[in-house]
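Please consider the protein chain shown below. A short report on its architecture is set out after it.

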Amino acid sequence: MRASQFYIKTTREAPIEAETISHKYLTRASFIQQIAAGIFSIMPLGWRSLEKIRSIIREEMNNAGVLEVTMPVVQPRSIWEESGRADTYVPPLAQFSDRREREMVLAPTHEETVSMMGRYGITSYRDMPLRLYQIQTKFRDETRSRGGLLRVREFEMKDAYSFDADDAGLDASYDAMAEAYRNIFSRCGLNAVMVEADSGSIGGKDSAEFALLSASGEDTVLICDSEDCDYGANLEKAEFVKSLNATEVPGELERFATPGVKTIAALAELEGVSSTKTAKAVFYAIDDQVYVVVIRGDYEVNETKLRNMMGGSEPRFATPDEVEAAGFVAGSASAIGTDSAYVIADESAVDSANLLAGANQNGYHFRNSNYGRDWSADHVGDIAAAAEEHKCARCSDGHLEQHRGIEVGHIFKLRTIYSDAMNVKFNDVNGKLQPSYMGCYGIGTGRLLAAAVEANHDERGMMLPRSIAPFEVVVVGVNLHNNHEVRETAESLYRQLTESGIDTLFDDREEAPGVKFADADLIGMPVRAVVSPRSIRNGGVEVKQRAQAPSDSEVHAANDAVEAISALLET
């Protein structure tokens, strides 16, 4: 491809709102153009990279026995009502009415549509396993799009779905997709780690995300530091071993004055103890009912775990007025003496003895509060947020390390939640009607490209892997238009590279050499070959890898340049 016939409109300055490296470089390199918040056009350079990502995904999906389909972006709201997600999906569905006043939605995902496909085609256990995928546009009306292609409203996704006859079949499909994902990310130059994750609005039994560890990531990932343990989870899902002191002999409940004490830190300091010896009450409202959440003072509430415990309803902090109306005194509250309140407790507060707790009276607290004797809960479970240095729940030796991560893929075991709701049934070997066991598997192609930039860049621009760079090689001609020998050598090199099957951009524009070099570095082709009067005087063609400094370039005879470039591409 000749640059003079291509669309290259690079800029020196990034958009003011650009926060991440990928947003800055993809915009400056004219890969993307923002149309509105979270909505981007993909420009020719970006399209070439995304097309290579799509090809990798298609190859791995095909190798895993997944069949390609296409499902509509615009869908009737009625199928979302059938699944039960029409009013609960987060963020809320983008909706409109067509000219016949039928309610329609813009699909953020396609579990409902693929369930209809399964319902139509699956009648017997012999029809499974069935694995389907598409690469197609989605729309999610995010409240805060950010990071360029990292979090957008309209985006392209590879979403795949599996149908199996039982849990064992689902496990096999899930494992096959996990392996395909590892291959995809490896081929795209990403060292993504697979960690346990919350299923969120997709639902299902189990899920895992593939995270690229990066300071620009908006996810928090916790990974065990033991070499013998492979445990990892995002913050929403992570579990840990809690230190407990349940073996203490319960002391007598004692109320004492704590004037001006409103925080756990102040209470612990007053008594000269660690916050592990305290219990705090946090007030949430769920569907306008106030709940008292009790957790040991050294831990924080994980609101995702709380939401899952309460059946998927979104919790929010109760307002001071709601807390007061429920009969509690903020800063001195606990579950003691509140028989009419709905109490949710973390295991840490239940299994620890003799904790300091609020007395539900301004300026007073209790010593030696104990679960079962002094207070009780309607729900008890793990609702604590894991953090750095917490002990790993999977092994006995490791501790959790905290990282920032970019989610580049997510896989889910849906089991029968959609097949039950949408009647995706089949006759088993005994002729009995059973629900299909489903899984779903997603990769955002644009996010994957952005993640690759986050992982592969320097101060001059992007350094994209060969597999997904818009071109593998850029041939830069210097003084092409007034030096016949330079032009003949550059044209010959471009022709030889193209005939060798190497994806090459020939920068034949009438631009200053500095502009061409800066664009080559910004766009990030893996290898640069310069043909100039100086390179010819020095023996031929100046060749270097993108990651090398300009001073590290080597000059090769024109007849040997293609071989030298090919060797660099293989390293």
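## Overall architecture

The model is predicted. The protein chain contains 15 helices and 33 strands. Along the principal axes, its C-alpha atoms occupy a box of roughly 95 × 65 × 50 Å.

Of the 571 residues in the protein chain, 53% are classed as buried. When contacts between residues at least 6 apart in sequence are considered, 71% of them link residues at least 24 apart.

## Surface and charge

The protein chain carries 58 positive and 88 negative side chains. The centres of these two sets are 4 Å apart.

An open sheet is built from three strands in the order 4-6-5, with antiparallel pairing. Strand 4 (74-76) and strand 5 (94-97) are its edge strands, each pairing on one side only. From one strand to the next, the twist averages 35°.

Four bridges connect strand 5 with strand 6 (residues 103-106), and this pairing is antiparallel. Met104 in strand 6 is the bridge partner of Phe96.

Ser535 lies in helix 14, which spans residues 533-537. Its relative accessible area is 1%, and Ser535 is therefore buried, the cut-off being under 20%.

Which residues are in contact with Ser535, leaving aside its neighbours within four places in sequence? They are Val530, Gly540, Val541, Glu542 and Val555.

Note on methods. Residues are numbered from 1 along each chain as its sequence is written. This is a predicted model: local features need pLDDT of at least 70, side-chain atom pairs count only at pLDDT 80 or more; totals for chains, interfaces and linings use all residues. Side-chain values use heavy atoms; hydrogens and water are left out. Two strands pair if DSSP finds at least two bridges between them. Helices (H or I, at least four residues) and strands (E, at least two) are DSSP runs, numbered from the N terminus. Axes are lines fitted to C-alpha atoms, for helices over the stretch in contact, and angles run from 0 to 180 degrees between N-to-C directions. Buried means under 20% relative accessible area, exposed over 50%, partly exposed in between (1.4 Å probe, protein chains only). Contact means heavy atoms within 4.5 Å. Lys and Arg count as positive and Asp and Glu as negative; His and the chain ends are not counted. The place of a charge is taken as NZ of Lys, CZ of Arg, CG of Asp or CD of Glu.
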